[in-house]
Amino acid sequence: MRWDGDRESSNVEDRRGDSGGGGGGGFGIGGRSIGIGTIVIALVGSYFLGVSPATILSLLSGGGAPQVQQSSQPRAAPADDRESKFVRTTLAYTEDAWTQIFTEQNAQYQPAKLVLFDGRTNTSCGVGQSATGPFYCPADASVYIDLDFFRTMQQRFNAGGEFAQAYVIAHEVGHHVQNLLGISDKVHAAQQNASEKQGNILSVKLELQADCFAGVWAKRTDQHAKILEQGDVEAALNAASAIGDDALQKQSRGVVVPDSFTHGTSAQRVRWFERGLESGEVASCNTFDAKNL
């Protein structure tokens, strides 16, 4: 992926090395436990859920987003390592692409913030932990990422490469776009009155649309900045395939339970990313009216 020297976003907050973290509670798995045991495989797969698990649980039970006390400690100056520069540049690409798309519809895009953290961190959606993978919090319009996740992608799922990492970021920004468009609110409201099976289907459609939005971003960005190199698209498709619900369940449980899917199968995730990549148009990403996902 070609990106060196391109614009870097100023909307990245680097909390790595902070001691503030989050309070007690959580999900019973420590911040550095990715990759230990089959339960962690399932948690890694949840990184495309789009919002923090605490928020989903609260919304499904009819409550509001859990509140946490934000740390008042001053932040260190942003790091200048290659990983953080890559994240800032990728976020800038998403800002440019979605600003263009919104402008075409006579609307104004409001960029997401991206927070880098180690282990766990406070968010407006509760305590974010690295074990849940990257996620989007609608309450503060922010994407949260522990960069160790990218190493886990490579080591456990053989899904490496910078464009695969950019796909992860673009997917989470896709959830931000859904939030701006009011799609997420409609889905979460519908889930409160739906059965578990129906709620899971809505979740799958939301996730597949974010995959498609990531494809739209890739198309638009390559048209403008020529970022794609040989093998990049294959790397992203491999990442999408590796974290399909069916692949993750087979790896962690040995069996596949379709009614429990919340993100889509490997084939579905690949198909919707490819659809966005081929068209470059948001209109091609209407998973909610699609007869076949």
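Helices in these legends are DSSP runs of H or I with at least four residues, and strands are DSSP runs of E with at least two, both numbered from the N terminus. The structure shown is a predicted model.

**Figure 1. Overview of the protein, with its 10 helices and 6 strands.** The protein has 293 residues, of which 52% count as buried. Among contacts between residues at least 6 apart in sequence, 76% join residues that are at least 24 apart. The views that follow take up the nonpolar cores, the disulfides, a pocket and some individual residues.

**Figure 2. The largest nonpolar core, a set of 53 residues.** In soluble globular proteins, nonpolar side chains tend to be buried together. W98, L114, F163, W217 and F273 are the residues with the most contacts inside this core. At least two core residues are supplied by each of helix 3 (82-104), strand 2 (113-116), strand 6 (142-145), helix 4 (148-157), helix 5 (162-181), helix 7 (196-225), helix 8 (232-242) and helix 10 (266-279). The largest share, 9 residues, comes from helix 5.

Figure 3. With neighbours within four places in sequence left aside, the contacts of L114 are N11, V12, E13, V87, L91, V143, I145 and I169.

**Figure 4. The disulfide between C125 and C137.** A disulfide is a covalent bond between the sulfur atoms of two cysteines. The protein has 2 disulfides in total. Here the sulfur atoms of C125 and C137 are 2.0 Å apart. The torsion about their S-S bond is about 90°, and the disulfide is therefore right-handed. Because C125 lies in the loop between strand 3 (120-123) and strand 4 (126-129), while C137 belongs to strand 5 (residues 135-137), the bond ties together parts that are 12 residues apart in sequence. Are the two cysteines buried or exposed? C125 counts as buried because its relative accessibility is 0%, under the limit of 20%. C137, with a relative accessible area of 0%, is buried as well.

**Figure 5. The disulfide between C212 and C285.** The S to S distance in this pair is 2.0 Å. A torsion of about -70° about the S-S bond of C212 and C285 makes the disulfide left-handed. C212 is placed in helix 7 and C285 in the segment after helix 10, so the pair ties together parts that are 73 residues apart in sequence. C212 is buried, its relative accessible area being 0%, and C285 counts as buried at 1% relative accessibility. When the bonded cysteines of the protein are numbered in sequence order, the pairing reads 1-2, 3-4.

**Figure 6. The second largest pocket, with a volume of about 190 Å³.** Rolling a probe the size of a water molecule over the atoms shows where empty space is left. The second largest pocket is lined by 13 residues, and those closest to its centre are W98, I101, F102, Q105 and V282. Which helices each supply at least two residues of the lining? They are helix 3, helix 5 and helix 7. Helix 3 gives the largest share of the lining, 4 residues. Sorted by class, the lining has 9 nonpolar, 1 polar and 3 charged residues. W98, one of the residues closest to the pocket centre, is also among the residues with the most contacts inside the largest nonpolar core.

**Figure 7. Q191 and its position relative to L202.** Q191 is found in helix 6 (residues 183-192). It is buried, because its relative accessible area is 12%, whereas the limit for a buried residue is under 20%. Q191 and L202 are 11 residues apart in sequence, and their C-alpha atoms are 7.3 Å apart in space.

**Figure 8. N106 and K226, two residues with positive phi.** N106 has a phi of about 55° although it is not a glycine. The residue lies in the loop between helix 3 and strand 2. With a relative accessible area of 78%, N106 is exposed, the cut-off for this class being over 50%. K226 is likewise not a glycine, and its positive phi is about 50°. K226 is located in the loop between helix 7 and helix 8. At 53% relative accessibility, K226 counts as exposed.

How values were computed: Residues are numbered from 1 along each chain as its sequence is written. This is a predicted model: local features need pLDDT of at least 70, side-chain atom pairs count only at pLDDT 80 or more; totals for chains, interfaces and linings use all residues. Side-chain values use heavy atoms; hydrogens and water are left out. A nonpolar core is a set of buried Ala, Val, Leu, Ile, Met, Phe, Trp, Tyr and Cys residues joined through side-chain atoms within 4.5 Å. Buried means under 20% relative accessible area, exposed over 50%, partly exposed in between (1.4 Å probe, protein chains only). Contact means heavy atoms within 4.5 Å. A disulfide is a pair of cysteine sulfur atoms within 2.5 Å. On a 1 Å grid over the protein atoms alone, a cavity is a set of points where a 1.4 Å probe fits but cannot get out, and a pocket is an open set with protein on both sides within 12 Å along at least five of seven lines; lining residues have an atom within 4 Å of a point. Grid points are joined across faces, edges and corners, and a volume is the space filled by probe spheres set on the points. Ala, Val, Leu, Ile, Met, Phe, Trp, Tyr, Cys and Pro count as nonpolar, Asp, Glu, Lys and Arg as charged, and the others, Gly among them, as polar.
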